[in-house]
Amino acid sequence: MPTKKKPQVTAARRPAAAAAQARRRELLETAAEVFAEQGYNATTVRKIADHAGMLAGSLYYHFDSKESMLEEILRTFLDELWNGYDTVLDAGLGPRETLEALVTESFREIDRHRAAVAIYQKESKQLVAQERFGFLAESQRRFEKAWLSTLERGVAAHVFRADLDVRLTYRFVRDTVWVAASWYRPGGQHSPEEIARQYLSMVLDGIAVRE
């Protein structure tokens, strides 16, 4: 029997597919802003559609539910976060350099995904109870391990103070970095790298070994 030929992607189809992907990204960005501003439970598909300038029924052409939209928003943010973190953790840097790089990467992610970070902070405790959002708990465990091990290496190497409470320090660094999503706006006066430098100059003076 003759084999079926695979459908060829024509030049006309490629721009259409690219346009559809671009529209999908725009809708996710709009949804993320609405979720971050109004809260996940208070946000309806109609509200997202209104902000996107379309009918609610048209939104279902791209997504089957607001849960699907939120899941994609958070997965995209966390996938990019871990791509950056894993690059840092695999680079063989010293503990201070690792901490500096993790903080810098965190501010870059806030710059790229400010609304997603805000959603994560506000909603993750409630979302992890749902099976489809179980990946949030796994990411949190990885996040904690990465930061605690970096701080522990720093104490063991006499780079950070011997009396440092690493878990308390981890919580302080975590919360003070990610709270920036509440005030940071992309395209502002300071780049994420500059904010990270200023932040690190304040934090490291408190935990580095005194000369």
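A crossing of two helices is left-handed if the near helix is turned anticlockwise from the far one by less than a right angle, and right-handed if clockwise.

## Basis

This is a predicted model, in which local features need pLDDT of at least 70 and side-chain atom pairs count only at pLDDT 80 or more, while totals for chains, interfaces and linings use all residues. Residues are numbered from 1 along each chain as its sequence is written, and side-chain values use heavy atoms, leaving out hydrogens and water.

## Helices α5 and α9

The axes of α5 (residues 95-112) and α9 (residues 192-207) come within 9 Å and cross at roughly 140 degrees. α5 is therefore oblique to α9 (under 35 degrees is roughly parallel, over 145 roughly antiparallel, 65 to 115 roughly perpendicular, the rest oblique). Their crossing is right-handed.

Among the α5 residues that meet α9 are Leu 99, Val 103 and Phe 107; the α9 side includes Ile 195, Tyr 199 and Leu 204 (contact means heavy atoms within 4.5 Å). By class, this contact of α5 with α9 has 10 nonpolar, one polar and five charged residues.

## Two loop histidines

His 113 is placed in the loop between α5 and α6 (114-127). At 16% relative accessibility, His 113 counts as buried (buried is under 20% relative accessible area, exposed over 50%, partly exposed in between, with a 1.4 Å probe and protein chains only). Leaving aside residues up to four places away in sequence, His 113 touches Thr 76, Phe 77 and Glu 80.

His 158 lies in the loop between α7 (135-156) and α8 (166-178) and counts as exposed, at 63% relative accessibility. Although not a glycine, His 158 has a positive phi of about 60 degrees. Most residues other than glycine have a negative phi.

Key:
Axes fitted to C-alpha atoms, helices over the stretch in contact; angles between N-to-C directions. Helix = DSSP H or I, 4+ residues; strand = E, 2+ residues; numbered from the N terminus. Nonpolar A, V, L, I, M, F, W, Y, C, P; charged D, E, K, R; others polar.
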